[in-house]
Amino acid sequence: MGLPRPFVLPLLTLSMLLLVACRDEQAGPRPRTQKMPTVEQLQPRTLDTVPGDLTFRSGATFAGGAIVYLGSRVTPAQATPGQQVTLSHYFQAARQVPPGYGFFVHIIDPSTGQMLINADHEFQNGLAPLGTWPVGKIIEDTHAIQLPQAAARVVLGFWRDDQRLPVDDPRAQDGQNRMIGPELGGKAPELPEYKAPRAQKPPVIDGVLDDEAWKSAPVAVLQGSFDGRPVVLRTEARLTYDDANLYVSFDAEDPDIWGTLLKRDEPIYEQEVVEIFLDANANGRTYNELQVSPHNVIFDAYFPARRQGMDTGWDSGMKTAVKVKGTIDDPSDRDERWTVELQIPFARLAEVPNVPPKKGDRWRFNLYRLEHLGRTNVEGQSFSPVFVGDFHALPRFGWLTFD
């Protein structure tokens, strides 16, 4: 989506956050008196030797060899998505290490570097800040995370203010001084494919989905964008094409249809909207983003690289129409749905290999919908789940095949 983009959390996560925020700290019995920790309990935990059951071994160093990252252990080693796993990380101070740095652990998408989980925490729960490590001893940190739905990787290191402790070997880090750690999870789900039929007669762009072209096109039902879970409000999409245009339709179930942004290229992606992203040459870099709101306001942009150089001055030349079954912007009644048609000229899109597309040509694309349930809880939907809170996750775009 256009920049900036709010992070779209699953509804379950949002509900959990609300429950935590509303907890009454005075409810229930008074907490029991806590025993003071012993001197031994306040000492950093150290080992004399490296555990033999590491699931990832490194040996790469920070700060000119001052700190050695020995590796990590993932327990259980073979876990399923959503399962809690324990991560244990092992380091050794080769000499006195610089103080004042915090410890960070990021769980990222290995193909994009996009953060999936921020697992930053104090080393050994604050018992072993960096400047206190005994030289020559092996020091262990253990914490738990929930395994992501798709393949992921651990990257870790040390930070202070806006700096990170440098990783000595460029091959051992991700270019941002994040030390490369173990891989997590299994293979990401296969990318879905949509086979768009050629229209014998193009649809009339009036927002009414009664054209023969739509009846001949297969239905794509959008899923939860974050993890593919079933959605609250159903959205169906169809695609077809002819020599000049790509045609897209959306049928969006919606009991409260609304929008306050009424000018072209305003950030309608912050409200209710349907979208298509098109990477015509499937290079994972250049792509177009096209959106339509219930008020038939459009947003169109060109990107020369993922989330870089957004050009809203680019004109897609698309023609759109919306039909609302209900009363738009009136929360007092119950609406039914809004339907959308888009006519997108091939000649205006970025780096189209063939105009018109040849039978069998394959583009990368994704379809999205943003719905604000009760005008508060955001539900992101997509054709191909992206497993991150970012609709610009190009490696998770599906395939559009011209049939």
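In which loop does Asp265 lie? Asp265 is in the loop between β15 (245–253) and β16 (273–279), where strands (E, at least two residues) and helices (H or I, at least four) are DSSP runs numbered from the N terminus.

The model is a predicted one, in which local features need pLDDT of at least 70 and side-chain atom pairs count only at pLDDT 80 or more, while totals for chains, interfaces and linings use all residues. Residues are numbered from 1 along each chain as its sequence is written, and side-chain values use heavy atoms, with hydrogens and water left out.

1. Positive phi values. Phi of Asp265 is near 65 degrees, a positive value in a residue that is not glycine. Asp265 is partly exposed, at a relative accessible area of 22%; buried denotes under 20%, exposed over 50%, and partly exposed the range in between (1.4 Å probe, protein chains only). Phe387, also not a glycine, has a positive phi of about 65 degrees. Phe387 belongs to the loop between β22 and β23 and is buried, with a relative accessible area of 11%.

2. Cis peptide bonds. Thr75 and Pro76 are joined by a cis peptide bond with omega of about -5 degrees; Pro76 is found in the loop between β3 (67–75) and β4 (84–93). The bond from Val355 to Pro356 is cis too, omega being near -5 degrees, and Pro356 is in the loop between β20 and β21. As background to these two points, most residues other than glycine have a negative phi, and most peptide bonds are trans.

3. Aromatic pairs. The structure holds 22 aromatic pairs. Rings of Phe, Tyr and Trp (its six-membered ring) pair if their centres lie within 6.5 Å; planes under 30 degrees apart count as stacked, over 60 as edge-to-face and the rest as tilted. Phe346 and Trp363 form an edge-to-face pair, 5.8 Å centre to centre with 80 degrees between the planes. Phe346 lies in the loop between β20 (337–345) and β21 (362–373) and Trp363 in strand β21, so this pair ties together parts 17 residues apart in sequence. Both Phe346 and Trp363 are buried.

4. A stacked pair. The ring centres of Tyr368 and Phe391 are 4.0 Å apart and their planes are at 5 degrees, so the pair is stacked. Because Tyr368 lies in strand β21 and Phe391 in the loop between β22 (377–382) and β23 (398–402), the pair ties together parts that are 23 residues apart in sequence. Both Tyr368 and Phe391 are buried.

5. Ring cluster and charges over rings. Ring pairs link Phe56, Phe62, Tyr69, Phe91, Phe103, Phe123, Trp133 and Phe158 into a cluster. The charged end of Arg164 sits over the ring of Phe104, 5.0 Å from its centre; the criterion is NZ of Lys or CZ of Arg within 6 Å of the ring centre and within 35 degrees of the ring normal. Arg362 lies over the face of Trp399, at 4.2 Å from the ring centre.

6. Sheet. The antiparallel strands β19 and β20 are joined by seven bridges. Val324 stands opposite Trp338 in β20.

Notes. Pairing = 2+ DSSP bridges.
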